[in-house]
Amino acid sequence: MKRPNDVHPSATINAQLLKKDRKDAGYTQASFAAACDSVSLATIRRAEQGHKIITASLRRMAAVLEKDMDKYIGIE
């Protein structure tokens, strides 16, 4: 049987780096959420507070910022 983490893998985020790159790209949290398509504003906020988010959301955020997703994965 699959565990929930197997279905929706998550990662702890390097919050300061994600926030810096978002701001450097000229996005507010709201405009970034809109640019990331199906990533909610709440998810953006959680990520920038260093909470775990599902990797699919992180992948979308990294793509919008034109960065490698692994850059934003923090140490638990």
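The structure is a predicted model in which local features require a pLDDT of at least 70 and side-chain atom pairs count only at pLDDT 80 or more, while totals for chains, interfaces and linings use all residues. Residues are numbered from 1 along each chain as its sequence is written, and side-chain values use heavy atoms, with hydrogens and water left out.

The protein contains 5 helices and 2 strands, where helices (H or I, at least four residues) and strands (E, at least two) are DSSP runs numbered from the N terminus. Along the sequence these elements follow the pattern α-β-α-α-α-β-α. Of the 76 residues, 32% are buried; the term denotes a relative accessible area under 20%, whereas exposed denotes over 50% and partly exposed the range in between (1.4 Å probe, protein chains only). Among contacts (heavy atoms within 4.5 Å) between residues at least 6 apart in sequence, 63% join residues at least 24 apart.

Helix α2 spans residues 15-24, and its buried residues are Ala15, Leu18, Asp21 and Arg22. These residues lie on the same side of α2, because they cover an arc of only 140° around the axis; the arc is that of the directions from the helix axis to the C-beta atoms. An α-helix has 3.6 residues a turn, so residues three or four places apart point the same way. The buried residues of α2 pack against α3 (29-35), α4 (41-48) and α5 (55-65), while Gln16, Lys23 and Asp24 are exposed on the other side of the helix. Within α2, Asp21 has a relative accessible area of 8% and is therefore buried. Not counting residues up to four places away in sequence, Asp21 touches Leu65, Lys67, Lys71 and Tyr72. Just after α2, Gly26 adopts a positive phi of about 90°.

The largest nonpolar core comprises 15 residues, of which Leu18 and Met61 touch the most other members. Such a core is a set of buried Ala, Val, Leu, Ile, Met, Phe, Trp, Tyr and Cys residues joined through side-chain atoms within 4.5 Å. Helices α3, α4 and α5 are the elements that give two or more residues to this core, and the largest share, 4 residues, comes from α5. Leaving aside neighbours within four places in sequence, Met61 is in contact with Leu18, Phe32, Cys36, Val39, Thr43, Ile44, Ala47 and Ile53.

Helix α5 also includes Thr55, which is buried at a relative accessible area of 14%. Thr55 and Ala11 are separated by 44 residues in sequence, yet their C-alpha atoms are 6.1 Å apart. Beyond its neighbours within four places in sequence, Thr55 contacts Pro9, Ser10, Ala11 and Met69.

A search of the whole structure identified 1 aromatic pair. The ring centres of Tyr27 and Phe32 are 5.4 Å apart and the planes stand at 50°, so the pair is tilted. Rings of Phe, Tyr and Trp (its six-membered ring) pair if their centres lie within 6.5 Å; planes under 30 degrees apart count as stacked, over 60 as edge-to-face and the rest as tilted. Phe32 is buried, at 0% relative accessibility, whereas Tyr27 is partly exposed, with a relative accessible area of 24%.
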